[in-house]
Amino acid sequence: FSGLADVSISQDIPVEGEITVPVGSHSPDEDYSTLDEPVRDTIMRDLKAVGKKFVHVMYPRKSSALLRDWDLWGPLVLCVSLALMLQGGSADSKDDGGPQFAEVFVLIWFGAVVITLNSKLLGGTISFFQSLCVLGYCVLPLTVAMLVCRLVLLAGAGTASFLIRLLVVVAMFGWSTLASTAFLADSQPPNRRALVVYPIFLFYFVISWMILTFTPQ
Amino acid sequence: SLPVLYLFAEFDDAANLLAANPDATTISIDEPVEIPKNQHGRLQEPGREEDDELLGTDDSDKTELLAGQKKSAPFWTFEYYQTFFDVDTYQVLDRIKGSVFPVPGKNFVRLYIRSNPDLYGPFWICATLVFTIAVSGNLSNFFIHLGKPTYHYVPEFRKVSIAATTIYAYAWLVPLALWGFLMWRNSKVMNIVSYSFLEIVCVYGYSLFIYIPTAILWIIPQKVVRWVLVVFSLCLSGSVLVMTFWPAVRDDNRRIALATVGTILLLHALLAVGCLAYFFDAPELDFPAPIIPAQNGTTVITKSH
């Protein structure tokens with residue numbers, strides 16, 4: 001600071017400019033103001049985000065789009081459609097049939113919450129909703145498997161149809177588990193990775209079992 | 001107090017030596033019995049364990065010195081519950097191994113848990129067991145009834161909730177009752193060994209692991225095989241439980257000690273037999289329903305079960 005003692009401010013330097021400081025929030029508002037846009041734009045933007053995440057799940061790469069911009073629309077749509085497709089299972093009595101809508105719904109959401117809590121308690125760095133988002137989106141391959149199974153069952157219910165369904169469900173189960181592990185395993189310390197991956201495996205195994213054992217009336 | 005001072009002095013020397021030569025391998029001696037275990041643990045992760053020892057934040061050292069003061073975070077914070085999940089993969093696998101292969105004379109709690117009870121093992125072993133029993137029961141019934149013309153496959157999803165209620169109730173209520181009972185007896189009789197509630201939950205949770213492969217093998221539709229499996233798994237996990245809880249009750253009145261251990265084994269056996277009876281249909285009794293022409297000409301169809 002010793003050098004500054006020599007500096008003198010000349011009174012001839014004009015000082016001019018704007019006194020009012022633009023408040024930071026105004027200009028972003030003009031760019032992202034969504035109040036005036038047509039409803040179609042709003043819906044299409046969200047749909048495109050959901051669709052992009054579907055693509056990320058089907059081709060799992062190390063991309064952070066799924067994690068950074070989490071949303072729960074995709075998981076909700078997948079969960080509801082899976083639970084709806086699992087309806088209509090046959091039963092002699094109400095007690096012996098397949099899972100009801102509420103049971104599938106609760107199983108998926110409660111299971112995802114428990115797995116997220118488990119990974120956070122083990123010291124994971126992922127946030128709660130990010131993990132829910134990933135687990136929910138990775139149900140997509142299994143929903144596709146359910147669709148395929150129902151179509152195959154329309155054709156017949158013999159041994160050949162069972163083998164096809166078994167193959168499809170096993171393949172999609174592997175895909176789901178690998179996809180979610182690819183996104184979630186990095187946020188764990190390396191000496192606890194298996195402890196976090198195993199519950200995810202169990203979760204998708206239970207959903208696959210429900211899909212495989214679906215028998216129509 | 002003298003042994004504690006000795007431990008502190010040793011720790012100081014070790015810290016000084018390590019500061020001088022940070023790359024030296026360290027061996028900590030907790031109890032004579034546990035030296036191989038410690039070295040094995042150290043060898044698996046030398047880097048992390050050495051740093052922890054240097055800083056004095058290694059779990060086993062800290063818990064040896066501060067046993068009982070470990071969980072210091074208040075119970076409404078997330079960190080409090082994180083202390084119950086402070087286990088690594090190899091620790092969980094070791095505890096599972098210890099519950100399946102009981103070492104005669106060694107206490108499961110002292111050997112494997114060592115003041116670091118976790119809730120990961122009990123919770124996920126119970127969850128796996130619930131679904132294993134439900135799925136295996138369903139598969140077993142499917143194979144048993146496969147050839148019959150009147151059989152229509154049902155997924156029997158309701159049984160999952162029943163299995164979940166039973167197994168989680170067993171894994172939490174029985175340890176609660178046992179802990180309460182041991183606390184009560186502790187006030188009457190001075191015991192050397194006393195377990196915290198979480199350690200009892202931990203032992204019970206890990207002792208249920210043997211039932212997972214047992215449930216898978218119960219798919220085999222032979223009565224003899226199933227009962228041999230029941231006895232075998234009961235011996236293994238029952239012996240782990242007995243060896244854990246016998247030191248806690250042996251100083252008590254002889255009859256009470258035997259009754260306690262007997263009740264532990266009885267409840268464990270009841271769980272196994274109950275699951276076998278409810279979720280798995282009996283294999284040999286299922287014959288096709290015969291049609292018996294009755295005297296007055298109407299036919300009577302008897303149901304097989």
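Me: What does contact mean here, and how many of the contacts in chain A between residues at least 6 apart in sequence join residues at least 24 apart?
Reply: Contact means heavy atoms within 4.5 Å. Among contacts in chain A between residues at least 6 apart in sequence, 76% join residues at least 24 apart. This is a predicted model, in which local features need pLDDT of at least 70 and side-chain atom pairs count only at pLDDT 80 or more, while totals for chains, interfaces and linings use all residues. Residues are numbered from 1 along each chain as its sequence is written, chains are lettered from A and ligands numbered from 1 in the order in which they are written, and side-chain values use heavy atoms, with hydrogens and water left out.

Me: Why is the meeting of Arg192(A) and Asp86(B) called a salt bridge?
Reply: A salt bridge is a side-chain nitrogen of Lys or Arg within 4 Å of a carboxyl oxygen of Asp or Glu. Across the interface of chain B and chain A, the rule finds 3 salt bridges.

Me: What makes up the area buried between chain B and chain A?
Reply: Buried area is the accessible area (1.4 Å probe) that two parts lose on being put together, summed over both. For chain B and chain A this comes to about 2800 Å², with carbon and sulfur atoms giving 64%. In chain B, Trp124(B), Phe157(B) and Arg158(B) lose the most area to chain A, together 25% of what that side buries.
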